[in-house]
Structure formats: structure tokens, C-alpha cells
Amino acid sequence: MVRPFMLTGGRTQPLQDGLRIETLLHAAPAALSAPLRFESRRIVQLCQAPMAMADLAVALRVPLGVVRVIVADLITEGYLQVEDHLAELPISVIERIRDRVRAL
């Protein structure tokens with residue numbers, strides 16, 4: 001077991017603010033060849049198709065706050081992009097997020 005602060009370098013606040021649990025993220029295919037480590041690489045792999053922050057936390061089995069810090073770093077480095085095309089989330093996505101947050 002790795003302590004959450006080890007995954008974020010001791011940081012508790014993301015570099016980019018405004019990342020919510022329902023924020024959809026997408027990685028460019030070229031990001032797969034980037035020199036990323038551990039959780040960052042896994043996030044890029046998972047985000048080849050758009051994925052919500054809550055889904056990432058569940059898939060990685062780490063706290064949402066840790067995912068927010070790592071994702072913010074990946075956005076800053078240009079490996080991830082925020083999907084802005086959804087004005088309103090479909091009910092199925094909201095229900096899936098709710099279920100996954102409960103699983104945390």
C-alpha cells in the first residue's frame with residue numbers, strides 16, 4: 001500500500017482548479033508514449049475514451065483528491081484534455097458517478 005501523499009508529492013491542492021467529480025477527461029493517443037510513471041500512465045490509458053474523475057478514482061482505488069492532483073498535473077503537461085462538449089450530463093452518467101462515489 002502506498003500512502004496517498006506519496007502519489008502527489010505531498011501536495012493536497014491541484015494546480016488547476018475547477019475539476020469536479022463529473023469532469024470528463026480525454027487523453028491524446030500520443031500521450032501513451034509519454035514518459036509517465038505509475039498512476040499517471042494508468043490515467044492516460046484509461047482516458048483514451050472520455051472518463052469522469054469519479055470513475056478514475058474508482059478504477060485506481062485512490063481518493064478523489066489524489067486523482068484531482070495527478071489529473072491537474074497531466075492537464076498542465078498537455079497529456080489530458082477536459083471534454084467541454086457536454087452542456088448537461090446524461091442521467092446514466094450521473095447515476096454511474098453516484099454509484100462509483102458510493103463505492104469509495
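Reading from the N terminus, the elements of the protein chain come in the order α-β-α-β-α-α-β-α, in what is a predicted model.

On burial, 37% of the 104 residues in the protein chain count as buried. The accessible surface works out at about 6500 Å², with carbon and sulfur atoms holding 54% of that area.

Now for the inside. In soluble globular proteins, nonpolar side chains tend to be buried together. Here the largest nonpolar core has 25 residues, and the members touching the most others are L25, I43, C47, L56, V67, V71 and L80. Elements supplying two or more residues to this core are β1 (24-27), α2 (38-46), α3 (53-60) and α4 (64-76). It is α4 that puts in the largest share, with 8 residues.

Leaving aside residues up to four places away in sequence, L80 is in contact with L25, H26 and A27, with I43 and C47, and with V71, L74 and I75. Of these partners, L25, I43, C47 and V71 are themselves listed with L80 among the core members that touch the most others.

Apart from this core sits another one, made up of 5 residues, including A52, A54, V93 and I97.

Notes
Residues numbered from 1 in each chain as written. Predicted model: local features only at pLDDT ≥ 70, side-chain atom pairs only at ≥ 80, totals over all residues. Heavy atoms only, no water. Helix = DSSP H or I, 4+ residues; strand = E, 2+ residues; numbered from the N terminus. Buried < 20%, exposed > 50% of the residue type's maximum accessible area, 1.4 Å probe, protein only. Areas by Shrake-Rupley, 256 points an atom, 1.4 Å probe, with all protein chains shown as cover. Core = buried A, V, L, I, M, F, W, Y, C linked by side-chain atoms within 4.5 Å. Contact = heavy atoms within 4.5 Å.
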